[in-house]
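Take a moment with the chain below before reading on.

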Amino acid sequence: MNEIHVRPVANPGYADWQLAKAFVTAASHEDAATRRRADERVRQWTQVGRGMADGSLSVGSRTPVRGLPAWVTPEVVRGGFATGDAAAGGPLTAHESAVADRAGLRAADRRAVFRYFLTDAGMAELHAMLDDGRYHVAVPEEAALLTIAWLLRAGNRAEALALLDEIAPYADRLRFLPRPSDTPVPDGSAVHRETVGDLRATLAARPPKPAVEAMNEALTVWNPYADQLLAHWLETVDDDGPGAIRPAGWAERGRELLKRYDRLAAQHKLCSKHRNPKENSAILRTALADTLGVTPGTPARTLFGRAAKPAARVPVAHGLLRHAVQAMVAKRGAPGSPEHTALRARQAADASTATLHELARVLISRLANLRDEAGLPDTAWVLEPVTEEEADRMGVRAGSPIPDSLRHPVERALSAPVAELVERGIVPSAEVLAELVPQLVAATTSLAYHDPALRTLMTAVYGAFAERRSLLLLNLEHQVRLEELPWVKGVSKYRRVSSDTAGNARAALTELGTLTVRAFPGTIVPNPLLQELGSLARQADAGAVFTEELAADIFMGTFSAKFLRAAQAAGELLEGTLYERYYGIDYAAIRAIGDVKRERGLAADTSDAFAALCRDRAGIDPRGRWWVAANGKVIEQAQILTTHNLAALVYPIGVEPPEGWAEPARGAYRTVCRLVQQIAGNPRPLGTIKDAAYAWRQTVFFLSLCGLEEQFAVVAWMAEETARRPEHTARRLAPVLAGLRHVFVGGSLDDTAVPNVRRFTGWDTGGHWMRDA
């Protein structure tokens, strides 16, 4: 009898927990935008909980919403839970309402709009969209009507009617119409992280900083005024007592200074230091008012902007006045002196420096004539210093440079080949790369459609489909695939795969694989990126098998047969190498496994022998209880045996960095060191330890592809690199490096008698040794 774990089911408690978190944020967060987003999450998780309770949601199924087929894009929230809504549903969009008004529809509902586009007038609009390519497909369903229009124009009435029959029952609930756009569908040769519209919003969110504005006011308004007060008092010939000798016009100029203070105080209200009666400048001003018999005219302001009740004022003693004057001169020099002049010049330069808020306004003005939905073909002109014309128009100092805090958002909107974005650091991780790759893959995939209008349409469909969020699936179900969409099936006969299209796919696959290995060594290839690599591999007929990262909390206790095939393929590359010896793998035995079959209740073929091998290597008793850490250990062993897609990139795809494999090995080990360094002081380090173990696995893999001399050199470099790290990092890595050296000279890590050596893996069921090392 086959030994199978108790299979998990979707936990309603998870939805309740997410709902509680969202509710607390919506009720208490200080930021209004954050509260609005949390309100939306409250709505979504409320629907999830209600749907799971009444049975309208079947979480874990590839058709989670009762009454909707698998091809409908569901609204999905964190964890892969469907809410019950369709992503193409909701109220009429502004575009749909505009169509209803233009067509004179009495009932402005979605079905009426759908029917309009089946008329001659509506079909003419669809044909115009097909011809100019200026439309945007946000969710795949929005391409359905355009596909019907293309099929009718191609003379395939039967396929058009079949597609119409399949989607018409949902015409009152789903949008099947794309949105008009000012720009054509991207061709994939250039990609961007953010649009110009996103950039505008980011720049507009740069408010002025009160502290900086107050400082600039002090430097440009109140410091010069204080200097004038000081210079006025220094004009006295004898300041000993009431009989001081003062030059002609001194009193009149003093009265004008006091009037000027009233005007300045009424106009400049950011800085409050000048109102402090203990400040030297306030002492000078008050003494001047006392001497001239002038009553102050501008009252102080309270926190709420109302005039404060004047306090009883004590005349300034002559000694206090003399002390204030002397202190000001001692600190900065007398006004007009070289030291005082140099200080005020530096302060004036500081005050004239443009603020981030002012520079953001300059950048927004430069973007004024660009379309929101596009990227920037070039950023150099946007990032130039402030020009004389802009200085005159916007009151910002000419020549002010654009700082990095504004430069980075601008560069995120750069539209360029993905390799250039990676090289310039605009794509900082494999996860960000995965967000951009669908644009490139969409264009490559669509080359198989020879008709230009259909090629553009399928490019848009692929790009939208790549945005579809993955569902939580159980029983080895697979996510909906692109070819399952009715409108993609409807035009499948027009897809012509040739040697050219396969060659283009292989070239894109090799380039993308090389980019992933070189730019992000030590990082697991994320599932979304694997999906794109798999799509290119199928088009190129490369024969590569990619295996996704599995979630330990919903692991079914077994693996689909592709994991066995991936391990067998890895053995063709790695049998007899350092990788096989380090992890104690017998690839010859794996190659002999052939018990693939379909087990009842599962949606894919499996291999009991492969699953048992992973459990044995993890030291997990199949009769034991189901728990996450044990599942994680089993999954990690499958990742070790398959190399988690690294071997597939090298063979059969053919990825090989031009500089050789030693540099990726070094890069992966740097990632190991960085992660291990973060363990110290981390109250929850297990996730970091797992990531470090995954990076170490890549280090060993890359090292195994090096020649013997390179391996010696890299191992010696590892020791040097470790010595440069903090002592606690070197201490944790010492048994790992000792284990590698032990295997390197012919030893085995399965020999438990060898002291102070470790095979570094990430998951553990009894507390990881590295945490407490």
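Start in the loop between α19 (452-466) and α20 (486-490), where N475 lies. The model is a predicted one. In it, N475 has a phi near 60°. That value is positive, and the residue is not a glycine. Most residues other than glycine have a negative phi.

Now move along to the loop between α28 (646-650) and α29 (662-677), which holds P652. Here the backbone has another feature to look at. The peptide bond from Y651 to P652 is cis. Its omega is near 20°. Most peptide bonds are trans.

Turn next to charge. Which residues gather in a patch of positive charge on the surface? They are K21, R36, R37, R41 and R78. Helix α2 (residues 32-54) gives the most to this patch, with 3 residues. R37 lies in helix α2.

Charges also pair up. Side chains of opposite charge can pair when their charged atoms come close. The count of salt bridges comes to 29. One of them joins D172 and R111. Their closest N and O atoms are 3.5 Å apart, and a salt bridge needs such atoms within 4 Å, so the pair qualifies.

How confident is the predictor, and where? The mean pLDDT of the protein chain is 90. Of its residues, 94% reach 70 or more. Confidence is highest in helix α6 (residues 144-153), at a mean of 98. It is lowest in helix α13 (residues 338-352), at 76. Two stretches call for a separate look. Over residues 1-6 the pLDDT is below 50, and this stretch has 14 contacts in the model beyond near neighbours in sequence. Residues 298-312 also have a pLDDT below 50. Beyond near neighbours in sequence, that stretch has 12 contacts in the model.

How values were computed:
Residues numbered from 1 in each chain as written. Predicted model: local features only at pLDDT ≥ 70, side-chain atom pairs only at ≥ 80, totals over all residues. Heavy atoms only, no water. pLDDT = per-residue confidence, 0-100. Helix = DSSP H or I, 4+ residues; strand = E, 2+ residues; numbered from the N terminus. Contact = heavy atoms within 4.5 Å. Patch = residues over 30% accessible without salt bridge, like charges linked within 9 Å, V, L, I, M, F, W, Y side chains within 5 Å. Areas by Shrake-Rupley, 256 points an atom, 1.4 Å probe, with all protein chains shown as cover. Salt bridge = Lys/Arg side-chain N within 4 Å of Asp/Glu carboxyl O. Lys, Arg positive; Asp, Glu negative; His and termini not counted. Charge placed at Lys NZ, Arg CZ, Asp CG, Glu CD.
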